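Me: Please examine the structure shown below and answer a series of questions about its helices, strands and chain contact.

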There are 2 protein chains.
Amino acid sequence: MTTEEMPRQPWVLTVADLDAIALGAGVLGSGGGGPAELGKLLVLEALRHTDPITIVPMESQEDTPLVVAVAQVGTPMVFSERLGRGTEPSRAVQALEAHLGARAGAIMCDELGGMNSMMPLLAAAHLRLPILDADAMGRAFPDLYMDTLSMYAEGPVPCAFCDEEGNTAILPGVRDPRPTERLGRAITIAMGGMSYLARPAPFGQGRRQAIIPGSYSRAWAIGQAVRRGADRQDLPALDLRTLGGRVLFHGLVTVVNRRSARGPLHGAVTIEGYGNHFTGALRLEFQNEYLTAHWDSALVAVTPDVISLIDDETGEPVGADQARMGHHVVVLGFQADPRMTTPEALQVVGPAAFGYPLAYRALELGEERR
Amino acid sequence: MTTEEMPRQPWVLTVADLDAIALGAGVLGSGGGGPAELGKLLVLEALRHTDPITIVPMESQEDTPLVVAVAQVGTPMVFSERLGRGTEPSRAVQALEAHLGARAGAIMCDELGGMNSMMPLLAAAHLRLPILDADAMGRAFPDLYMDTLSMYAEGPVPCAFCDEEGNTAILPGVRDPRPTERLGRAITIAMGGMSYLARPAPFGQGRRQAIIPGSYSRAWAIGQAVRRGADRQDLPALDLRTLGGRVLFHGLVTVVNRRSARGPLHGAVTIEGYGNHFTGALRLEFQNEYLTAHWDSALVAVTPDVISLIDDETGEPVGADQARMGHHVVVLGFQADPRMTTPEALQVVGPAAFGYPLAYRALELGEERR
């Protein structure tokens with residue numbers, strides 16, 4: 001994969017592009033984020049009735065006052081059972097527009113990991129608006145406030161929620177993101193465990209600081225690379241350096257511990273290495289997403305960097321809820337965007353935020369030898 | 001009590017007026033609605049820093065586009081422990097104003113029963129706005145949608161919620177009142193079990209249908225009558241006919257059954273009668289509020305008419321959570337406003353709505369003989 005192969009901008013999405021983005025977003029889900037494939041089905045259905053979707057570079061929308069970030073909130077399991085109508089993300093945008101008394105000029109993605117890579121595409125399709133090649137996490141994370149829009153907000157950020165029945169709720173702007181999270185969760189639960197969220201991106205100076213550029217391109221390129229690796233059956237040899245990533249490990253899942261009493265799915269996955277290069281064992285700890293990777297006792301990757309398991313034959317992402325003993329897997333690591341690794345960001349998404357007594361150490365892209 | 005003694009309009013509230021309204025609102029609480037006395041303390045505190053509060057007749061505000069109804073939502077028990085700052089009701093109004101892009105011209109009471117008689121006075125004081133001599137229940141009821149604003153709404157009614165920390169949430173207008181109730185409860189729980197709610201009253205034709213006039217005057221007059229009865233120690237002989245009420249019973253509480261596993265406080269109170277007139281027993285069923293009164297086997301009062309217990313010496317209301325064996329009480333009944341007894345209203349607040357297999361029968365004001 002070279003940068004020359006990256007899609008040019010503005011970029012009208014083809015079905016093949018959607019496939020690549022869904023796969024790449026699954027990888028960036030870092031073991032969580034829900035099934036992008038299901039969301040993709042809704043986008044394909046929407047495209048039968050709407051104009052094509054155009055992804056545009058962030059710079060092209062610098063003068064657009066209202067750019068709206070879209071996400072689904074709640075339990076992916078609920079989504080698997082209730083796909084919804086596909087119009088919910090656009091309804092959430094409209095509820096925000098009505099509250100603000102302003103029209104959205106473009107859509108953006110809040111969480112380009114898993115299913116939430118697709119929800120903003122649905123809104124863009126139904127509202128016939130361009131969507132930024134950008135997001136606010138660069139991956140999946142479990143909570144609303146774990147994104148750059150919250151971390152770098154200069155004031156309260158209004159949130160609009162919508163459910164399948166068209167009910168809407170607005171949090172007009174809570175100063176502290178944690179009450180927003182608490183209220184947003186309560187609203188989501190009252191909406192049946194799943195809601196659709198629209199929030200404005202900052203305008204002006206703050207926008208560049210608060211938005212991660214190139215996220216759809218990156219997901220597309222990761223998806224393409226993984227697909228080709230699977231086609232050639234050489235996934236363990238993938239070269240992902242130009243995409244800020246590398247293969248961390250290749251082996252067999254030998255132990256899975258999983259518990260989910262109240263709150264997120266917790267646990268660990270142990271992978272015994274294959275071949276001469278991947279000796280010993282890699283141990284991943286997860287809380288919805290894979291958050292730490294230790295090769296024997298050495299930390300090789302840690303949140304907010306992406307840690308992803310893929311099936312070593314098909315290249316399909318293996319979620320923390322799916323990993324099972326006997327699974328042959330390749331483990332990938334990707335560097336987080338620099339906006340996610342500042343001191344203020346690490347307070348929210350660094351290892352300590354998840355209770356690990358570890359300092360963040362950026363993923364090394366050169367091959368590690370022991 | 002004669003109608004000549006009723007306060008003239010517009011009416012600048014004195015401390016004595018507040019005392020009478022708090023007592024009358026306690027009676028109209030029908031055994032629920034929480035302690036008006038606690039709310040009164042907050043109003044007295046607010047009045048040290050604000051202009052006096054002026055109650056105005058509904059007719060005087062017919063040309064005021066935005067009249068905002070105010071209520072506290074949640075558990076009175078939480079309020080007893082956390083009085084709040086007193087500014088929450090006005091904050092809820094301001095959140096609604098910001099959402100609607102319009103300024104309130106007057107405040108109104110949503111639930112003139114118990115504590116919620118005082119919350120709109122707080123908003124009126126802090127915002128220096130007049131408050132209508134009116135409400136939307138004429139008593140206390142447990143749920144948001146059990147009011148005339150919901151029953152006679154011609155379209156979606158936006159709701160603004162506020163908590164003690166200044167966090168706000170808006171339900172911009174849910175078509176069906178039940179999701180509003182569900183979402184409102186969820187928001188309230190996430191706000192710590194208590195929130196402050198502001199909703200617009202309808203404008204134009206719908207206003208007269210949807211608002212119960214004279215509610216503060218009625219509470220004041222009931223408070224005055226009960227206070228005088230207590231001073232003269234002849235509460236069982238109160239003549240309340242000009243106020244749409246009468247003494248239903250006088251006796252000793254002999255049995256109290258109370259249960260509150262999930263949901264409202266349920267139970268029954270049995271009162272053995274005193275003297276020659278009140279023979280046999282009166283049995284009250286309650287669900288937060290007293291909802292049915294049977295004299296032996298005859299139904300003498302039923303929701304939405306008001307059924308109220310007062311201490312036969314002090315005249316203080318005895319809530320369904322307070323009644324205890326050995327309590328000497330007088331039971332009062334008051335007719336509901338006609339807006340609360342239409343077929344559509346009875347679907348929401350009639351006996352069947354609370355699970356009683358009874359038809360609504362209006363309280364008779366002439367003394368009943370058996």
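This is a predicted model: local features need pLDDT of at least 70, side-chain atom pairs count only at pLDDT 80 or more; totals for chains, interfaces and linings use all residues.

Me: How many of the 13 residues of helix 4 of chain B are buried?
Reply: A residue is buried if 20 or more other C-beta atoms lie within 10 Å of its own, exposed if 12 or fewer, and partly exposed in between, with C-beta atoms placed from the backbone. Among the buried residues of helix 4 of chain B are B:Glu88, B:Arg91 and B:His99. The helix is largely enclosed by the rest of the structure, because the number of its residues that are buried is 10.

Me: Which residue follows helix 4 of chain B with a positive phi?
Reply: The phi in question is near 65 degrees. The residue that takes this value after helix 4 of chain B is B:Gly101.

Me: Is B:Val15 buried or exposed?
Reply: B:Val15 lies in helix 1 (residues 15-28) of chain B, a helix that is mostly covered, with 10 of its 14 residues buried. B:Val15 has 11 C-beta neighbours inside 10 Å, and therefore it counts as exposed.

Me: Which elements of chain B do the buried residues of helix 1 of chain B pack against?
Reply: Buried residues of helix 1 of chain B include B:Leu18, B:Ile21 and B:Leu28. Two residues are in contact if their C-beta atoms, placed from the backbone, lie within 7 Å. The packing partners are helix 2 (36-47), helix 9 (215-232), strand 16 and strand 17 (328-334) of chain B.

Me: What is the order of the seven strands that form an open sheet in chain B?
Reply: Two strands pair if DSSP finds at least two bridges between them. The edge strands, each pairing on one side only, are strand 15 (298-302) and strand 16 (306-311) of chain B. The pairing in this sheet is antiparallel, and the order is 15-14-13-12-11-17-16.

Me: Which residue in strand 13 of chain B is the bridge partner of B:Ala268?
Reply: Strand 12 (residues 266-273) and strand 13 (residues 281-287) of chain B are antiparallel and pair over seven bridges. The partner of B:Ala268 in strand 13 of chain B is B:Glu285.

Me: Which residue stands opposite A:Cys159 in strand 8 of chain A?
Reply: Strand 7 (residues 159-162) of chain A is covered on both faces, with A:Cys159 and A:Phe161 buried on one side and A:Ala160 and A:Cys162 buried on the other. Four bridges pair strand 7 of chain A with strand 8 of chain A in the antiparallel sense. Opposite A:Cys159 stands A:Leu171.

Me: Which residue of strand 9 of chain A is the bridge partner of A:Ala160?
Reply: Strand 7 of chain A also runs antiparallel to strand 9 (residues 194-200) of chain A, to which three bridges join it. The bridge partner of A:Ala160 in strand 9 of chain A is A:Ala198.

Me: How many residues of helix 7 of chain A lie on the side of chain A that touches chain B?
Reply: The contact takes 19 residues from chain A and 19 residues from chain B. On the chain A side, helix 4 (88-100), strand 8 (168-171) and helix 7 (177-190) each supply at least two residues. The largest share comes from helix 7 of chain A, and the number of residues is seven.

Me: What relation superposes chain A on chain B?
Reply: Copies are superposed by least squares on the C-alpha atoms of residues with pLDDT of at least 70 in both. The superposition takes a rotation of 180 degrees with 0.1 Å of shift along its axis, at an RMSD of 0.0 Å. The relation is therefore that of a two-fold axis.

Me: Which residue of chain A has the C-alpha nearest the axis?
Reply: The C-alpha in question lies 2.3 Å from the axis. The residue is A:Ile170.

How values were computed. Residues are numbered from 1 along each chain as its sequence is written. Chains are lettered from A and ligands numbered from 1 in the order in which they are written.
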